[in-house]
Amino acid sequence: MTGKIKNNKYCRGCPAICCTNLSMGIGKPANPKEVEDLKWQLQFDTVKVYISKNRWYQLVEGRCIYLSEDNFCTIYDHRPKKCRDHNPPNCERFGKYYDVMLENPKDLEKYFAKKKRKK
Ligand code: SF4
Ligand code: SF4
């Protein structure tokens with residue numbers, strides 16, 4: 001999730017959500033060890049996991065080093081392709097980008113417990 005768009009009407013007033021969250025695809029934990037590892041990562045208050053269309057992602061909160069204090073990209077003309085490809089209104093400000101959000105180890109436990117009950 002990257003790409004604060006300067007002077008774009010959709011970005012006006014946005015706290016640059018896309019430049020303050022780093023989203024990375026991860027595999028669904030496939031065994032107890034992987035579940036424990038993910039639970040451990042979720043102990044950190046900067047880390048979340050979300051599921052979208054059955055794909056799992058890790059979300060790390062933190063500001064891009066090129067984001068100014070007033071939330072503009074300071075390398076706008078040279079920003080990476082990933083940022084250029086991220087265009088509002090198809091962005092996290094205007095739509096729910098996840099089906100499930102897991103914010104801590106308990107959320108992950110509850111998610112798997114619920115899945116187990118449904119089987
Ligand atoms: S390079 Fe610019 S557009 Fe890309 S994440 Fe950083 S601040 Fe945002
Ligand atoms: S989240 Fe969307 S509206 Fe906000 S800065 Fe990023 S692209 Fe613009």
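Student: How many of the 14 residues of H3 count as buried? Please look closely at this helix and at what surrounds it.

Tutor: The count of buried residues in H3 is zero, so by the cut-off of 20 or more other C-beta atoms within 10 Å, none of its 14 residues qualifies. H3 is hardly covered. Keep in mind that this is a predicted model.

Start with the chain as a whole. The protein chain holds three helices and four strands. Read from the N terminus, its elements follow the order β-α-β-β-α-β-α. Of its 119 residues, 15% count as buried. Its C-alpha atoms fill a box of roughly 50 × 25 × 25 Å along the principal axes. Of the contacts between residues at least 6 apart in sequence, 67% join residues at least 24 apart.

Now the helix. H3 covers residues 105-118. From first C-alpha to last, H3 reaches 20 Å. That is close to the 20 Å expected for 14 residues at 1.5 Å a residue.

H3 packs against H1, which spans residues 32-41. Two packed helices are described by the angle between their axes and the distance between the axes. Here the angle is about 145 degrees, and the axes lie 8 Å apart. H1 brings Val35, Leu38 and Lys39 to the contact. H3 brings Pro105, Leu108 and Phe112. By class, five of these residues are nonpolar, none is polar and one is charged. An α-helix has 3.6 residues a turn, so residues three or four places apart point the same way.

Take Lys39, in H1. Leaving aside residues up to four places away in sequence, Lys39 touches Pro105 and Leu108. Lys39 also has Lys106 at 8.1 Å, C-alpha to C-alpha, although 67 residues separate the two in sequence. Is Lys39 buried, exposed or partly exposed? Lys39 counts as partly exposed because it has 18 C-beta neighbours inside 10 Å.

Next, the sheet. Strands of a sheet pair through backbone hydrogen bonds, either parallel or antiparallel. In this chain, four strands form an open sheet in the order E1-E3-E2-E4, with antiparallel pairing. On average, neighbouring strands are turned by 25 degrees against each other, direction ignored.

Follow the pairing from E4. Three bridges join E4 to E2, which covers residues 47-52. Val49 stands opposite Leu102 of E4. Six bridges join E2 to E3, residues 55-61, and these two strands run antiparallel. In that pairing, Lys48 has Leu59 of E3 as its bridge partner. E2 and E3 form a hairpin with two residues between them. In the turn, Lys53 has a positive phi of about 50 degrees.

Terms used:
Residues are numbered from 1 along each chain as its sequence is written. Chains are lettered from A and ligands numbered from 1 in the order in which they are written. This is a predicted model: local features need pLDDT of at least 70, side-chain atom pairs count only at pLDDT 80 or more; totals for chains, interfaces and linings use all residues. Two strands pair if DSSP finds at least two bridges between them. Axes are lines fitted to C-alpha atoms, for helices over the stretch in contact, and angles run from 0 to 180 degrees between N-to-C directions. A residue is buried if 20 or more other C-beta atoms lie within 10 Å of its own, exposed if 12 or fewer, and partly exposed in between; C-beta atoms are placed from the backbone. Two residues are in contact if their C-beta atoms, placed from the backbone, lie within 7 Å. Ala, Val, Leu, Ile, Met, Phe, Trp, Tyr, Cys and Pro count as nonpolar, Asp, Glu, Lys and Arg as charged, and the others, Gly among them, as polar. The expected span of a helix is 1.5 Å times one less than its number of residues.
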